[in-house]
Amino acid sequence: MTTNGFTVAIDGPAASGKGTISKAVAAHFGFAHLDTGLLYRAVAGKTLQGQSPAEAARALVPGDLEHDDLRRPSVAQEASRVAAIPEVRAALVDFQRSFAARAGGAVLDGRDIGTVICPQAQVKLFVTADAEVRAERRYAELAGKGMDVTPEEVLKDVLARDARDMGRADAPLKPATDAVRIDTSTMAIADAVAEVAALIQGVLDRMPDKGA
Ligand SMILES: Nc1ncnc2c1ncn2[C@@H]1O[C@H](COP(=O)(O)OP(=O)(O)O)[C@@H](O)[C@H]1O
Ligand SMILES: Nc1ccn([C@@H]2O[C@H](COP(=O)(O)OP(=O)(O)O)[C@@H](O)[C@H]2O)c(=O)n1
């Protein structure tokens with residue numbers, strides 16, 4: 001069976017588990033994975049050093065996505081600010097769509113993959129969890145990396161980013177009308193991954209060129 005151009009779009013708010021699920025199902029099916037949040041974080045990393053957001057987005061190269069600093073809360077906040085600028089979003093569209101169209105299948109996770117970047121995706125998911133649960137998970141992750149954060153700060157950051165991402169005019173965070181919703185608040189990682197893998201397998205099994 002050919003999976004060329006087969007796209008899985010996984011959207012959701014901060015720390016809902018979309019990246020974890022995306023990575024795991026991409027590995028399971030042999031698909032490529034793009035964490036599109038890293039694109040906005042990389043632009044933010046450059047604007048924090050004084051570059052203009054639109055220029056930084058237009059000049060982005062793959063190596064820019066590899067800095068460890070991009071996981072910092074200050075970069076995440078700046079990412080959600082630059083992500084509201086239409087010129088920034090426009091500069092990143094082609095790269096994401098080319099990635100989705102690559103041979104062998106792709107999983108993209110972010111905020112607007114099912115709604116704007118890949119509305120034709122064969123599988124669309126909207127992953128959520130309660131804000132308090134998401135903040136606890138992100139706090140544990142950042143503290144585990146030795147970052148100097150408090151649970152209160154992380155919750156505040158997550159809520160501020162959610163509000164900005166849902167409230168912007170261009171490509172706001174929202175579920176595509178045909179997205180399957182998964183609330184991971186009380187789900188173990190393995191169960192969330194298994195549910196999504198089963199969903200993808202079901203779609204692959206129904207593809208017309210199955211077995212070709
Ligand atoms: N279902 C889950 N239960 C417990 N922890 C989870 C679950 N899903 C993800 N996590 C953890 O929460 C943190 C954020 O998950 P991540 O996948 O990076 O979220 P997102 O990509 O939506 O920001 C990570 O440390 C991850 O290991
Ligand atoms: N497709 C995307 C992905 C991220 N983003 C922005 O980039 C920020 C960082 O995204 P991320 O996916 O790395 O954040 P987390 O969900 O991992 O915390 C988000 O808060 C959004 O403002 C976006 O606007 N569109």
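**View 1. Helices α2 and α4 pack at an angle of about 100° in this predicted model.** Their axes lie 8 Å apart. Angles of 65 to 115 degrees count as roughly perpendicular, and α2 and α4 are therefore roughly perpendicular to each other. From α2, the contact takes in G37, Y40, R41, V43, A44, G45 and T47. From α4 come V75, A76, E78, A79 and V82. Sorted by class, the residues of this contact are 7 nonpolar, 3 polar and 2 charged.

**View 2. Helix α4 also packs with helix α8.** Here the axes come within 9 Å and cross at roughly 15°. Angles under 35 degrees count as roughly parallel. So α4 and α8 are roughly parallel to each other. The crossing of α4 and α8 is left-handed. On the α4 side, look for P73, A76, Q77 and S80. They meet V154, D157, A160, R161, R164 and D165 of α8. The contact of α4 with α8 has 4 nonpolar, 2 polar and 4 charged residues.

**View 3. Ligand 2 has 17 residues around it.** Which of them come nearest? They are G37, Y40, S80, A83 and G110. Three helices each supply at least two residues of the shell: α2 (37-47), α4 (73-82) and α8 (151-167). By class, the shell around ligand 2 holds 7 nonpolar, 5 polar and 5 charged residues. Some names return from the earlier views.

**View 4. Helix α1 (residues 18-29) packs with helix α9 (residues 189-205).** The angle is about 50°, and the axes are 9 Å apart. How are the two helices placed, then? α1 and α9 are therefore oblique to each other. Their crossing is right-handed. Helix α1 brings T20, I21, A24, V25, H28 and F29 to the contact. Helix α9 brings I189, A192, V193, V196, A197 and I200. The contact of α1 with α9 has 10 nonpolar and 2 polar residues, and no charged ones.

**View 5. Ligand 1 is surrounded by 16 residues.** The closest are G17, G19, T20, R137 and E141. T20 also takes part in the contact of α1 with α9. Which helices each supply at least two residues of the shell around ligand 1? They are α1, α7 (131-144) and α9. The shell around ligand 1 divides into 6 nonpolar, 6 polar and 4 charged residues.

**View 6. An unreviewed UniProt entry places the feature "domain: Cytidylate kinase" at residues 8-58 and 59-201.** Take residues 8-58 to begin with. This span is 57% helix and 16% strand. Its end C-alpha atoms lie 25 Å apart. Now turn to residues 59-201. Here the chain is 52% helix and 10% strand. The end C-alpha atoms of this span are 37 Å apart.

Note on methods:
Residues are numbered from 1 along each chain as its sequence is written. Chains are lettered from A and ligands numbered from 1 in the order in which they are written. This is a predicted model: local features need pLDDT of at least 70, side-chain atom pairs count only at pLDDT 80 or more; totals for chains, interfaces and linings use all residues. Axes are lines fitted to C-alpha atoms, for helices over the stretch in contact, and angles run from 0 to 180 degrees between N-to-C directions. Helices (H or I, at least four residues) and strands (E, at least two) are DSSP runs, numbered from the N terminus. Angles under 35 degrees count as roughly parallel, over 145 as roughly antiparallel, 65 to 115 as roughly perpendicular and the rest as oblique. A crossing is left-handed if the near helix is turned anticlockwise from the far one by less than a right angle, and right-handed if clockwise. Two residues are in contact if their C-beta atoms, placed from the backbone, lie within 7 Å. Ala, Val, Leu, Ile, Met, Phe, Trp, Tyr, Cys and Pro count as nonpolar, Asp, Glu, Lys and Arg as charged, and the others, Gly among them, as polar. A residue is near a molecule or strand if its C-beta atom, placed from the backbone, lies within 6 Å of it. UniProt positions are given in the numbering used here, feature names are shortened, and annotations may be inferred rather than shown by experiment.
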